[in-house]
Amino acid sequence: MSARVRNHWGWGWEDEQPSLAELRAAAGPLVEHLGFGEREPEPAVALAAIELPPPRLAAPADLASICASDRDTRVRYAYGRAYRDVVRAFRGRIDHPPDVVARPREEAEVERVLAWAADAGAAVIPFGGGTSVVGGVEPRVGDRFEGAVTLDVTALDRVLEVDQASAAARVQAGVLGPALEAQLKADGLTLRHFPQSFELSTLGGWIATRAGGHFATLATHVDDLVAAVRAITPTGVWASRRLPGSGAGPSPDRLLLGSEGTLGVITEAWVRLRPPPRHRASRAVRFAGFGAGARAVRALAQSGLHPENCRLLDAREAALTLAGDGSAALLMLGFESAFEPVEARLTAALRVCAEHGGRWEASAAGADGARAGAVGGWRAAFLRAPYLRDVLVSIGVLSETFETAVPWDRFEPFVADVRAAARAAAVELCGTAIVTCRITHAYSDGAAPYFTVLAPVRRGAELETWDEIKRTVSDAILAGGGTITHHHAVGRDHRPWYDQQRPEPFAAALRAAKTALDPAGVLNPGVLLDPPNGPPSPRAGRFAPLRGESII
């Protein structure tokens, strides 16, 4: 049997790509639900019809067995899954294909690929699951380089060691979410990190982008689950020690977290695990308005109850996801534990909600309502949302999201201002629009509002329209004191606002670290930092030898 391959333009696997007949069946109900869009879907350009320029470089003989330069492979690795990526690939427009795709099977091959690329003057794009929604894996590297090599680490996909006493595991960075959980299950443990891209993204990708996951409070990001990281850099091996805590200077792991493939290729990590939950309880709580719901979320975040799920949808989003009828904001509130029943925590949390006008119905599934009712409906819609976006592209609907975080003292005016900016830009460009907001993560000092913009868009004008809306909303986010990204990362699409957000002394320090670790500037140029001026310089020396053992 042949291995599954990714859809060349949209989310998921090629064998899951909807047919034109299936798109037509979905188009009518979607247009009715949204109030705009084209009932006759546009078909995607077939992979076989896409033409590419010939590759600019070829892998050397000693790497040929792990490298490919055929058209189909180059197309599939040309983009992540940002809206602008999906639209271009949907139309068969491949702006910056990689010249070579390398799939190393072990660390030594990662080292050899980096050494060859640096000698050849080629940029290297580390690639995990390819689910970046911010242009993080597009080989958009300019003319400074002789070519681009995409380095796919997904063959490094094993759990190498489990420390039961410490509830930790040493895991290769290329493992996809489902495969990681399946391997950990054999030892009765779980990482329990579930970003929306879980099915198709990798542990290394989560670390490189500081991905947000399952928990709406406490361990909201993968940062909280990482005990140590190992990476291959162009100047040697970067490996931190696994410790429960350390005050020994700045942490080496913190610099790799969020480095987005610019400082090294992450190959392994020690991660902190937990037993899988045995007790769950959840409710969908209705509020008359989003503001009242947000005040309840703030109270919950400051209560010490630490709900695992505490996600608030405004009324329009609740209706769009079929979790509600559009008459109320909806809070998805959930608790779980491996050790004790959680109904008492849920009851205490509901009392907090009631103080802010919250109302709810008894769970249809008893103590474990996580798969039932509005909570279950929202969960299913959440997991299918990336697939739905592909259908929206085919019927002429622009779909974009903006996620950020802001302190509580600015929260309500911030949400109002960003929502107004998004609506004004989309209506001006598209005639009408739907703009929704939800809270995805909650902290004692602030929250992460997440905005969705849906609007009809003229076919062929998607990118220009996206550019203008993206610029307007991103400007509003920074002007209101929010971060340009809470968990989607920087990539190339968020660079202009990231450059404004970070302090210049820190930017200088980051550039110095980049120069020390990657003197030729070959690793993911344009992400986080611009490459140095002029042609790539020869490598500053060979790699430090790999250790005989790879325990971090």
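Which residues in H3 meet which residues in H13? I looked up this pair of helices first.

**Ground rules.** I am working on a predicted model, where local features need pLDDT of at least 70, side-chain atom pairs count only at pLDDT 80 or more, and totals for chains, interfaces and linings use all residues. Residues are numbered from 1 along each chain as its sequence is written, and side-chain values use heavy atoms, with hydrogens and water left out.

**H3 and H13.** I found Tyr83, Arg84, Val87 and Arg88 in H3 meeting Glu462, Leu463, Trp466 and Asp467 in H13 (contact means heavy atoms within 4.5 Å). I sorted the residues of this contact: four are nonpolar, none polar and four charged. Here Val, Leu, Trp and Tyr count as nonpolar, and Asp, Glu and Arg as charged. H3 covers residues 83-90 and H13 residues 462-479; their axes lie 10 Å apart at an angle of about 175 degrees. That makes H3 roughly antiparallel to H13 (angles over 145 degrees count as such).

**H4.** Next I checked H4, residues 107-120. Ten of its 14 residues are buried (under 20% relative accessible area, with a 1.4 Å probe and protein chains only). Among them are Val110, Leu114 and Trp116. Strands S2, S3 and S4 are included in what covers the buried residues. Just after H4, Gly121 takes a positive phi of about 70 degrees.

**Thr436.** I then found Thr436 in strand S16, residues 434-443. Thr436 is buried, at a relative accessible area of 1%. Its side chain joins that of Glu317 in a polar contact of 2.6 Å (a pair of N or O atoms within 3.5 Å, one able to donate a hydrogen and the other to accept it). Thr436 also touches other residues, including Leu320, Arg419 and Phe451.

Notes:
Axes are lines fitted to C-alpha atoms, for helices over the stretch in contact, and angles run from 0 to 180 degrees between N-to-C directions. Helices (H or I, at least four residues) and strands (E, at least two) are DSSP runs, numbered from the N terminus. Angles under 35 degrees count as roughly parallel, over 145 as roughly antiparallel, 65 to 115 as roughly perpendicular and the rest as oblique. The expected span of a helix is 1.5 Å times one less than its number of residues. Buried means under 20% relative accessible area, exposed over 50%, partly exposed in between (1.4 Å probe, protein chains only). Lists of a residue's contacts leave out its neighbours within four places in sequence.
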